[in-house]
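Me: I am new to this structure and would like to learn how to read it. Please take me through a few features, one at a time.

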Amino acid sequence: MKILFVAPHPDDECDNAGGTLAKLAKSHDIYIVYLTDGSAGSPNPEERGEKLAEIRRREAVEGLKVLGIKKDNAFFLNYPDTKLRFHIWEASERVAKIIKEIKPNIIIYPSLLDGHNDHWSGGYITRIAIRKVGITVNELSYLNWLPIPSKSVFDAIKYLLIPFHRKIKVDVREYKRIKLEAMKKHESQFKYLDANYIKRFFDSDYETFYVERIVNEILVA
């Protein structure tokens, strides 16, 4: 079975699905599409830019190695971090080309309900790409950042829709250590993670995915 995971930034594969991907990588082919270059991924302005983008590409490859995913199975599209919403149509063409090449059985992408611009943009990009290809595929999404209801009417509506999504929970207890080790390879990011974020993503026994479309019975893990 082939699984394509779409990550808005280098490291999103670790915190959102590191345990699941490590579990699946033992017997399936995993492919990762990184949509942005991660160049804005620091609270310190002096660290941002092309140098950080290069660092994050190297970190991503090292993290994939820990998860058991081949570096040749990673696609770096290098759109500007935080600006993905301005490249939706072009990016969807490139993702569609990758889907045609790989012919995945499962595609996992960011939820359209996500509160982060790059994440919901990544969801739209993938949805558009799937429709362009015309492939019938199992679709799952993941939610990293909850929308903030007080921010806008649109975010309030998105927040209210979340409970209506059917969920799949994957038991990753045996892979929590591997997941954390993979994330630690993203040193430029890990040093800024607070205790609550680490507890939410790396202490949990389960990873949650939302069912967008199921065309046949799948074994997620």
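Reply: What follows covers the sheet, the aromatic rings and a pair of helices. The model is predicted, so local features need pLDDT of at least 70 and side-chain atom pairs count only at pLDDT 80 or more, while totals for chains, interfaces and linings use all residues. Residues are numbered from 1 along each chain as its sequence is written, and side-chain values use heavy atoms, with hydrogens and water left out.

Me: In what order do the strands of the open sheet lie?

Reply: Strands of a sheet pair through backbone hydrogen bonds, either parallel or antiparallel. Helices (H or I, at least four residues) and strands (E, at least two) are DSSP runs, numbered from the N terminus. Two strands pair if DSSP finds at least two bridges between them. Here 7 strands form an open sheet in the order β3-β2-β1-β4-β5-β7-β6, and the pairing is mixed. The edge strands, β3 (74-79) and β6, each pair on one side only.

Me: How many bridges join β5 to strand β7?

Reply: There are 3 bridges between β5 and β7 (residues 206-213), and these strands run antiparallel. Ser141 stands opposite Tyr210 in β7. Strand β6 (residues 167-171) also pairs with β7 in the antiparallel sense, over 5 bridges. In that pairing, Lys167 stands opposite Tyr210 and Asp171 stands opposite Tyr206.

Me: How many aromatic pairs are found in the whole structure?

Reply: A pair of aromatic rings is described by the distance of the centres and the angle of the planes. Rings of Phe, Tyr and Trp (its six-membered ring) pair if their centres lie within 6.5 Å; planes under 30 degrees apart count as stacked, over 60 as edge-to-face and the rest as tilted. A search of the whole structure gives 5 aromatic pairs. One of them is stacked, because the rings of Phe5 and Tyr142 have centres 4.9 Å apart and planes at 10°. This pair links distant parts of the chain: Phe5 is in strand β1 (residues 2-7) and Tyr142 in strand β5 (residues 138-142), 137 residues apart.

Me: Are Phe5 and Tyr142 buried or exposed?

Reply: Buried means under 20% relative accessible area, exposed over 50%, partly exposed in between (1.4 Å probe, protein chains only). Phe5 and Tyr142 are both buried. For Tyr197 and Phe201, the ring centres are 4.5 Å apart and the planes at 40°, so that pair is tilted. Both residues lie in helix α8 (residues 195-202), 4 residues apart, about one turn of the helix.

Me: Why are α3 and α4 called oblique to each other?

Reply: Two packed helices are described by the angle between their axes and the distance between the axes. Axes are lines fitted to C-alpha atoms, for helices over the stretch in contact, and angles run from 0 to 180 degrees between N-to-C directions. Angles under 35 degrees count as roughly parallel, over 145 as roughly antiparallel, 65 to 115 as roughly perpendicular and the rest as oblique. The axes of α3 (residues 88-102) and α4 (residues 117-133) come within 8 Å and cross at roughly 55°, so the two helices are oblique.
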